[in-house]
Amino acid sequence: MRSVGISGCVVNATRESDWEVVREIAGKFPEFVHPAYGVHPWFADTVEVDWEERLRKLLSEDARASVGEIGIDGWVDSPRMDVQREVFNKQVAIAVELDRVMTVHCLKAWDELFKLIDETDAWPKKFLMHSFGGSIEIAERLLQYGAWFSFSGYFLQTQKRKTLEVFNRLPIERILLETDAPEMAPPQELMNFLLDGEYNHPANLGEIAVAFETEMGVGILEEVVENSKLFWGL
Ligand SMILES: [Zn+2]
């Protein structure tokens, strides 16, 4: 990642069993890797007794740590939505309690998300909608609740250009960039680096950034870098 000019990143855990690995990487590269601890909706049914206490402790021990990746997903049948909802709500409450930003995954569950936001007692002042693939109408509603949006290289695929159009209409000061590695591979020609010989590698962000600037206009990258510092409090 350094070799392509990247100076730092956020690494999200997806389930309790990888919190320790994320903590280790963040400890090994304290200037570069900023940890995010959380339970992804796909793994909402894997939490162990007292998981919230352990999450609170990990976050409290590292001022740079954020909450992620958390959210809700209506694209998968399992875990059930009520299970996802409960685990998500608890993590939102922890983010508010410890005053941390959070990275939110939402797929085919927009109504559910807005319902959750409306029903919750407290919602963080700012949060990141990662790999945002929703419409401009959804984005505009989310903006009012403090959303920032990260663009994933996957949306540079020709059949996904709708998302690029949405980003073109978003306020520039709310845009960040991501790879979502090892998932969500960008177009083949931007895959200069492979993880385990086949998966999307975080260093592909360099090429993704260049392609994003070509689409969005010169100067956007400087903005995105500034936005990232602001969002993550760096
Ligand atoms: Zn996600």
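Domain bounds in this report come from an automatic or database domain assignment. On that basis the protein is divided into domain 1 (1-103) and domain 2 (126-234), and the centres of domain 1 and domain 2, taken over C-alpha atoms, are separated by 19 Å. The structure is a predicted model, in which local features need pLDDT of at least 70 and side-chain atom pairs count only at pLDDT 80 or more, while totals for chains, interfaces and linings use all residues. Residues are numbered from 1 along each chain as its sequence is written.

## Domain contact and nonpolar core

Two residues are taken to be in contact if their C-beta atoms, placed from the backbone, lie within 7 Å. By this criterion 11 residues of domain 1 are in contact with 10 residues of domain 2. On the side of domain 1 that touches domain 2, β1 (9-12) and β4 (102-107) each supply at least two residues; strands here are DSSP runs (E, at least two residues) and helices are DSSP runs (H or I, at least four residues), numbered from the N terminus. The residues of that side divide into seven nonpolar, three polar and one charged. In this classification Ala, Val, Leu, Ile, Met, Phe, Trp, Tyr, Cys and Pro count as nonpolar, Asp, Glu, Lys and Arg as charged, and the others, Gly among them, as polar.

A residue is buried if 20 or more other C-beta atoms lie within 10 Å of its own, exposed if 12 or fewer, and partly exposed in between, with C-beta atoms placed from the backbone. A nonpolar core is a set of buried Ala, Val, Leu, Ile, Met, Phe, Trp, Tyr and Cys residues joined through C-beta atoms within 7 Å. The largest such core has 52 residues, and those with the most contacts inside it are Y37, M102, L128 and M129. Because domain 1 (1-103) and domain 2 (126-234) both give residues to this core, it lies between them. In soluble globular proteins, nonpolar side chains tend to be buried together.

Leaving aside neighbours within four places in sequence, Y37 is in contact with A13, W19, V22, L55, L58, L59, A65 and V67. Strand β2 (residues 33-37) is largely enclosed by the rest of the structure, because four of its five residues are buried.

Two strands pair if DSSP finds at least two bridges between them. From β1 the chain crosses through helix α1 (residues 19-28) to β2 in a right-handed β-α-β crossover. Right-handed denotes that, with the strands pointing away from the viewer, the path from the first strand over the helix to the second runs clockwise.

β2 and strand β3 (residues 66-73) run parallel and are joined by two bridges. Here A36 has S66 in β3 as its bridge partner, and Y37 stands opposite V67. Eight of the eight residues of β3 are buried, so β3 is largely enclosed by the rest of the structure.

β3 also pairs with β4, in the parallel sense and over five bridges; I72 stands opposite C106 in β4. Together β3, helix α3 (residues 81-97) and β4 make a right-handed β-α-β unit.

L113 lies in helix α4 (residues 110-119) and, leaving aside neighbours within four places in sequence, is in contact with I72 and C106. L113 counts as buried because it has 22 C-beta neighbours inside 10 Å. Its C-alpha atom is separated by 15 Å from that of S131, 18 residues apart along the chain.

## Backbone geometry

Most residues other than glycine have a negative phi, and most peptide bonds are trans. The table gives exceptions in this model.

| Site | Feature | Value |
|---|---|---|
| G68 to E69 | cis peptide bond | omega near 0° |
| S78 to P79 | cis peptide bond | omega near 0° |
| K108 | positive phi, not glycine | phi near 45° |
| M184 | positive phi, not glycine | phi about 50° |

E69 lies in strand β3, whereas P79 is in the loop between β3 and α3. K108 is in the loop between β4 and α4 and is partly exposed, with 13 other C-beta atoms within 10 Å. M184 is found in the loop between β7 (175-178) and β8 (194-195); M184 is partly exposed, with 18 other C-beta atoms within 10 Å.
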